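Student: Could you take me through one part of this model closely, namely the nonpolar core and the side chains that build it?

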Amino acid sequence: MSSKIRTISTIGIMGFGAFGRLMARHLQPHFALRICDPVNAPAPDASGKGLQPATAAEVAACDLVILAVPVPAIPEAITTLRPHLKAGAIVLDVGSVKIGPARAMQAALPDDVEIIGTHPLFGPQSARDGLAGLKIALCPIRGKSTPRIAAFLRHVLKLKVIVTTADAHDREVAMVQGLTHLIAKILVRMEPLPRTMTTASFDLLMQATEMVRYDAPNVFMAIERANPHAKAVRDRFFALAEEMRLFLEHGHAETAQSAALPHKVAEVAQV
């Protein structure tokens, strides 16, 4: 399907939480923005090309519609927007997982609407100094507009664009984000943590923790529960952690246990 919209002049954003506000800040110099969020309604802004609070119908009437809502809220957002979308419009989401949202959009959005799954691999914390050099994943689902969206992201916003599939995305993110957020959650539970006598590696670990500490709870749940590949990664991580615990507690005395350890750890156990 070839998009009937040759030039994108208006962007509608459904949801104006922390990430919706981050997007608006970087998109406003380039597009007229229409934003719908009954809870976090934006104030009208005359700078740039203008940012205006809007109804769901007004958001849906835009050339490009962004679903900046939590992953579980995507089906409801689609239902609200669907009657008002125009032929050739481009709809994309920004969720941390892609398989579920891709299926929901493909099943419920009109056939004459283009669909792209996206995942900005950053958040308000990691993007506080700007977007240049940060990564974003694009998963083409329906239509042919991915190349021009990618070109804008690369050349204007200076992002590193990764074009992939929803399944390939979720497989990698299950480890990349799944482990990062899981470890960060555990470290936060272990507070107070040392802040003075620290090493460079510990400081980096703390920086990583701070980047995700204040993410909304629904982000963590989406990463860990909505990604179909996340459980296998968690199970493997906890199994290896248990093996390491047994090795550290029993050492050489537990030969049977050391045989089940990862190769290099088992070698140490035999020295």
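Tutor: Contact here means heavy atoms within 4.5 Å, and the coordinates to which this is applied come from a predicted model. Leaving aside its neighbours within four places in sequence, Leu 27 is in contact with Ile 11, Leu 33, Ile 66, Phe 152 and Leu 157. Leu 27 also belongs to the largest nonpolar core, which has 33 residues, and together with Ile 11, Ile 66 and Leu 153 it touches the most other members. Two or more residues of this core come from each of strand E1 (10–14), helix H1 (18–27), strand E2 (32–36), strand E4 (64–67), strand E5 (90–93), strand E7 (135–142) and helix H5 (146–155), and H1 gives the most, with five residues.

Phe 152, one of the contacts of Leu 27, leads on to the aromatic rings, for which the count comes to three pairs. One of these joins Phe 31 and Phe 152 in an edge-to-face arrangement, at 5.3 Å centre to centre and with 65° between the planes. This pair links distant parts of the chain, since Phe 31 lies in the loop between H1 and E2 whereas Phe 152 lies in helix H5, 121 residues apart. Phe 31 and Phe 152 are both buried. The rings of Phe 237 and Phe 238 have centres 5.7 Å apart and planes at 65°, so that pair is edge-to-face; here, however, Phe 237 is partly exposed at 28% relative accessibility, and Phe 238 is partly exposed with a relative accessible area of 40%.

Technical notes:
Residues are numbered from 1 along each chain as its sequence is written. This is a predicted model: local features need pLDDT of at least 70, side-chain atom pairs count only at pLDDT 80 or more; totals for chains, interfaces and linings use all residues. Side-chain values use heavy atoms; hydrogens and water are left out. A nonpolar core is a set of buried Ala, Val, Leu, Ile, Met, Phe, Trp, Tyr and Cys residues joined through side-chain atoms within 4.5 Å. Buried means under 20% relative accessible area, exposed over 50%, partly exposed in between (1.4 Å probe, protein chains only). Helices (H or I, at least four residues) and strands (E, at least two) are DSSP runs, numbered from the N terminus. Rings of Phe, Tyr and Trp (its six-membered ring) pair if their centres lie within 6.5 Å; planes under 30 degrees apart count as stacked, over 60 as edge-to-face and the rest as tilted.
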